[in-house]
Structures are given as structure tokens and as C-alpha cells.
Amino acid sequence: MKTIRTGMMTLAALAVLGTNIVSATSKPVKELSVNVNGSAIEQAAIFDKGQQTVLVPLRPVAESLGYKVSWNNELKAAEVQKGAIASYAKAGEDRYPFAKMYKTLGAEPRLLNGSTYVPVAFVDEILQAEVNVTDSAVTVVDEEAEKAPVRTGTITTIDKTEAGKVSIALDGYLSGIILHISEETKITDAAGKELKPEDLKLGMEVEATHQQMMTMSMPPQTGALSIVVKSSLESAEVIGTTGKVTSIEPDQQGTYKMAVEGRGLTATSPEKVALIINDKTSIVNAKDNKALKPEDLKAGMNVFAFYWPKLTRSLPPIGVAEKIVVEITEAE
């Protein structure tokens with residue numbers, strides 16, 4: 001959690017100003033200016049004498065931080081959403097959704113002149129921005145871009161919702177991460193050419209920056225800020241299967257044949273497949289993305305296997321592996 005920095009004795013001073021500051025339930029006489037990322041916000045902040053905290057106008061502050069703000073008429077609450085962060089503020093209710101849980105911040109939102117005002121703690125703990133409060137101003141700085149964590153890995157699954165939203169998983173389930181792609185996510189290739197979410201394919205190696213806040217799920221989930229495709233597989237429409245290695249053995253030609261049984265990763269991917277591993281097959285460890293050799297593969301390992309869509313009509317079908325991501329061994 002970030003720290004709300006306050007000027008010395010700021011809230012105490014505001015509380016004893018008497019006629020200069022009144023409760024947020026009535027018209028304020030004194031107001032505090034609001035600045036977000038170096039730009040002034042037209043609506044002022046106010047000091048809620050009853051709750052002993054400063055309230056800021058939610059919509060202009062959240063939108064300046066890149067959030068979408070909407071009104072939920074059923075809940076009678078203002079909703080905010082950016083990437084994996086989604087919450088709402090309901091007047092009179094100190095209860096805020098955050099990472100599949102609810103937080104209390106010690107203060108309630110207020111509805112004033114048709115606008116929702118939230119405590120500065122909401123900006124800090126829910127919107128994840130740095131807040132500085134003095135006796136005359138509230139300064140908000142979104143340092144997310146500078147501090148954004150970086151993750152390099154292989155796209156192991158791609159999910160699309162009926163609404164067209166796209167999420168990708170990097171490096172499998174146990175050591176991976178799920179990244180939700182929004183309209184604000186910048187996607188490019190290694191040369192800087194702009195790409196679209198539909199250009200992302202299974203087996204691609206990408207470097208992604210993402211929001212600091214992540215869910216407590218397995219794997220953790222968060223919003224993607226940027227995705228750079230570092231390399232792609234040879235097949236334009238690669239398919240894949242994830243599951244256990246049921247057998248692996250070398251042949252006389254110096255290649256390996258591996259059988260995988262589990263779950264198909266696309267509509268046309270079989271649940272059981274036999275794959276030829278040759279000198280062009282890339283094999284990496286999901287934990288650290290280090291290269292492995294065919295002889296490192298063992299029965300019982302959990303893998304994500306990506307291969308050409310051209311398969312034999314045998315049972316199981318046989319194909320040529322382009323990339324194998326090793327998630328975990330049976331012994332581990």
C-alpha cells in the first residue's frame with residue numbers, strides 16, 4: 001500500500017479552522033486545489049469535518065489516472081475500472097471492492113451537487129496512486145508507468161470473452177500470470193510496429209509491463225500496460241495441447257517422440273497428441289525461461305506444447321513440435 005503524505009498538522013489544522021471549513025454535508029467555504037500528474041483539476045477537494053478526512057471528486061481524478069468511470073443506477077454507486085482494477089464508491093458506505101475482496105478505508109464517499117466525492121484513501125488504496133495532502137492542496141501522482149513490473153515469458157493460453165475482451169496467460173498456471181488487455185494496452189513487435197490483440201498467438205515470447213496490483217488468485221491476474229512481441233513461432237496458426245507427458249523416447253534419426261495427454265488449447269487442438277521434437281524445437285522452463293534439451297524432458301512433466309496444425313490422421317495424431325514450455329515435473 002502506498003503512503004498518503006500529509007503536511008505537518010494538516011488535518012488537525014483543517015479541523016480547527018471553524019468558519020473556514022464546514023462539514024461535507026453542507027456547502028464548503030474553503031476548498032483545496034487538486035492536481036493530478038501535473039495538471040490542475042477544475043473541481044476542488046473539500047475537508048469533511050465529520051470524518052476528519054479530505055474528499056476529492058472521483059470522476060475527474062480517476063479519469064486523469066486512466067480509469068473509466070460510470071454510474072451504476074442499480075447500486076447507486078460510481079464504478080471505476082482500469083485493467084484488472086475494478087471497484088465502486090457508494091455514498092454513505094465505507095465498503096469498497098478490491099481484488100475480489102472488500103476494503104474499509106475509515107471514511108465514506110459523499111454525493112455533492114451530483115458528483116461523487118471519495119476519501120483520499122480511495123485514491124491511494126483503490127486507484128493505486130501516490131497522494132500528497134497539504135492544508136491547501138491535494139497532489140496525485142500516478143507513478144505506475146515508472147514502477148511497472150516487467151514480465152518476460154511465453155503466451156501459453158489466450159482467452160476471449162463474448163464482449164471481445166482478450167486475456168493472455170504467460171508461463172502456464174503454477175508459475176505464470178494472467179494479463180488482461182484493455183484499450184489502453186500498447187502492443188508492438190520488436191521493431192516498434194503497432195499490433196492488435198488479435199495478432200497475439202500461442203507460443204509467442206513477449207515482454208510485458210503490467211499494473212502493480214494483482215489478484216490473490218492462482219495464477220495472479222492484473223492489467224497489461226504494454227506488450228512487446230519478441231519472437232513468434234513459424235506457423236501462422238499454431239495450435240497446442242497442455243497436460244502430462246505420458247511418454248518420451250529418442251528414435252534412430254536423432255529426434256525424440258513425445259506423447260502428451262490433457263487439454264487442447266484451441267478449438268482444433270486434440271487432447272492427446274504425439275509430437276516429433278527435432279533440432280528446431282524450442283524447449284524452455286516456465287519458471288525462468290531458460291532453455292532445456294530434449295533429454296531433459298521426462299514422463300510425468302506438465303507441459304504446454306505448441307505445434308504445426310498439420311497432423312496425421314492416426315490415433316493419437318502426430319505432429320511436429322515448435323515449442324514446449326515445461327511447467328513442473330511430477331517430482332516437484
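User: What does the side chain of glutamine 221 make a polar contact with?

Analyst: The partner is the side chain of histidine 180, at 2.8 Å. A polar contact here is a pair of N or O atoms within 3.5 Å; within protein, one must be able to donate a hydrogen and the other to accept it, and residues adjacent in sequence count only if both atoms are side-chain atoms. Keep in mind that this is a predicted model, where local features need pLDDT of at least 70 and side-chain atom pairs count only at pLDDT 80 or more, while totals for chains, interfaces and linings use all residues. Residues are numbered from 1 along each chain as its sequence is written, and side-chain values use heavy atoms, with hydrogens and water left out.

User: Where is glutamine 221?

Analyst: Glutamine 221 is in strand E19. Helices (H or I, at least four residues) and strands (E, at least two) are DSSP runs, numbered from the N terminus.

User: Is glutamine 221 buried or exposed?

Analyst: Buried, with a relative accessible area of 18%. The cut-offs are under 20% for buried and over 50% for exposed, with partly exposed in between (1.4 Å probe, protein chains only).

User: And which residues is glutamine 221 in contact with, leaving aside neighbours within four places in sequence?

Analyst: Contact means heavy atoms within 4.5 Å. With those neighbours set aside, glutamine 221 touches Ala84, Lys100, Ile178, His180, Met213, Met214 and Thr215.

User: OK, new topic. How many salt bridges does the structure hold?

Analyst: There are 9. A salt bridge is a side-chain nitrogen of Lys or Arg within 4 Å of a carboxyl oxygen of Asp or Glu.

User: Which residue forms a salt bridge with glutamate 183?

Analyst: Lysine 68, with the closest N and O atoms 3.6 Å apart. That pair links distant parts of the chain, 115 residues apart: lysine 68 is in strand E5 (residues 68-72), and glutamate 183 is in the loop between strand E16 (177-181) and strand E17 (186-189). Glutamate 183 is exposed at 65% relative accessible area, and lysine 68 is partly exposed at 40%.

User: What about aspartate 171, which side chain does it meet in a salt bridge?

Analyst: Aspartate 171 meets arginine 151, at 3.4 Å from N to O. Aspartate 171 lies in the loop between strand E15 (166-170) and E16, and arginine 151 lies in strand E14 (residues 150-160), so the pair ties together parts 20 residues apart in sequence. Aspartate 171 counts as buried, at 1% relative accessibility, while arginine 151 counts as partly exposed, at 21%.

User: Which side chain meets lysine 201 in a salt bridge?

Analyst: That one is glutamate 237, 3.8 Å from N to O. The two are 36 residues apart, with lysine 201 in the loop between E17 and strand E18 (205-210) and glutamate 237 in the loop between strand E19 (221-231) and strand E20 (239-250). Lysine 201 counts as partly exposed at 27% relative accessibility, whereas glutamate 237 is exposed at 52%. Elsewhere, salt bridges that share partners join Asp48, Glu108 and Arg110 into one network.

User: Switching to strands: how many residues of strand E11 are buried?

Analyst: E11 (residues 115-119) is mostly covered, with 5 of its 5 residues buried.

User: Which strands run antiparallel with E11?

Analyst: Strand E4 (residues 53-57) is joined to E11 by 3 bridges, running antiparallel. Strand E10 (residues 110-112) also pairs with E11 in the antiparallel sense over 3 bridges. Two strands pair if DSSP finds at least two bridges between them. Leucine 55 has proline 119 in E11 as its bridge partner, and leucine 112 has serine 115 in E11.

User: What do E10 and E11 form?

Analyst: They form a hairpin with 2 residues between them, and asparagine 113 in the turn has a positive phi of about 50 degrees.

User: Last bit, the big picture. What does the secondary structure of the chain come to?

Analyst: The chain has 4 helices and 25 strands. Of its 332 residues, 47% count as buried. Among contacts with a separation of 6 or more, 57% are between residues 24 or more positions apart.
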